[in-house]
Amino acid sequence: MTIEISLAPRSASGKQNRRLRRTGMLPGVVYGRGTDSVPVQVESKAFDTVYRAAGRTSVVNVQLDGKRPQSAIIKSVQRNPLSGRPIHVDFLLIDLLQEMEVDVPVVYTGEAPAVEQFGGTLLHNLAHVRVKALPTDLPHEISVDVSRLATLDDTIYVRELHLDGDKVQVLTDPDEMVAKVLPPR
């Protein structure tokens, strides 16, 4: 699935960005791969749709001012601390043939039987796992099924995560704990 977004050049800077946001536009910047940084703006609703689909690890084709689309990832999104709405976005231009290191978010699924049966507490130790791969091979998220934690002190480690082993190299310590059921106090 190809994810695309159109960007326009931005002349507003500093406090002028507030006016830009009020009109439904989101300020941002495009940089990387031997190019100068370019201030851009994008429609807020279009960005929200793209960010839900791509996250911070999927490749996005950015088209700046009608030029040829370039491959990028969403490097960072700054958000308003009260409303949670994005206020600035950074797009990093990438080379699709060069491996890169990124933090892939961990998503916990299922329910641990030990929590209900023994009154234990499920401990989520990791929010993300560091991986190295080609940009097109990067996983969008890593799903961890906690339903196999049947007894107290059961633990899931990074080495037990199921990733595409040939294409994705896990850089996080394999002995690091991902999830565990702690006994009640």
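This report walks through the overall build of a predicted model and then its salt bridges.

## Overall build

Let's start with the big picture. The protein chain carries three helices and 13 strands. Its radius of gyration is 20 Å, well over the 16 Å that the globule rule gives for 185 residues, so the chain is more spread out than a compact globule. Laid along the principal axes, the C-alpha atoms fill a box of roughly 60 × 40 × 25 Å.

As for contacts, take those in the chain with a separation of 6 or more: 64% of them come from residues 24 or more positions apart.

## Surface and charge

Of the 185 residues, 38% count as buried. The accessible surface comes to about 11,000 Å², and carbon and sulfur atoms own 48% of that.

On the charge side, there are 22 positive and 23 negative side chains. The centres of these two sets sit 13 Å apart.

Side chains of opposite charge can pair when their charged atoms come close. Searching the whole structure turns up five salt bridges.

One of them joins Lys-132 and Glu-99, with an N to O distance of 4.0 Å. Lys-132 belongs to strand E9 (residues 128-133), while Glu-99 is in the loop between strand E6 (86-93) and strand E7 (100-109), so this pair ties together parts that are 33 residues apart in sequence. Both ends are partly exposed: Lys-132 has 26% relative accessibility, and Glu-99 has 43%.

Strand E9 also supplies Arg-130, which forms a salt bridge with Asp-103, the closest N and O atoms being 3.1 Å apart. Because Asp-103 lies in strand E7 and Arg-130 in strand E9, the pair ties together parts that are 27 residues apart in sequence. Here too the partners count as partly exposed, with Asp-103 at 35% relative accessibility and Arg-130 at 31%.

## A loop-to-loop pair, and a network

Arg-159 and Asp-175 make another salt bridge, and their closest N and O atoms are 2.4 Å apart. This one links distant parts of the chain: Arg-159 is in the loop between strand E11 (155-157) and strand E12 (169-170), and Asp-175 is in the loop between E12 and strand E13 (177-182), 16 residues away. Arg-159 is partly exposed, with a relative accessible area of 48%.

Finally, back to Asp-103 and Arg-130: together with Glu-101 they form one network, joined by salt bridges that share partners.

Key: Residues numbered from 1 in each chain as written. Predicted model: local features only at pLDDT ≥ 70, side-chain atom pairs only at ≥ 80, totals over all residues. Heavy atoms only, no water. Salt bridge = Lys/Arg side-chain N within 4 Å of Asp/Glu carboxyl O. Helix = DSSP H or I, 4+ residues; strand = E, 2+ residues; numbered from the N terminus. Buried < 20%, exposed > 50% of the residue type's maximum accessible area, 1.4 Å probe, protein only. Rg over C-alpha atoms; globule rule 2.2 N^0.38 Å. Contact = heavy atoms within 4.5 Å. Areas by Shrake-Rupley, 256 points an atom, 1.4 Å probe, with all protein chains shown as cover. Lys, Arg positive; Asp, Glu negative; His and termini not counted. Charge placed at Lys NZ, Arg CZ, Asp CG, Glu CD.
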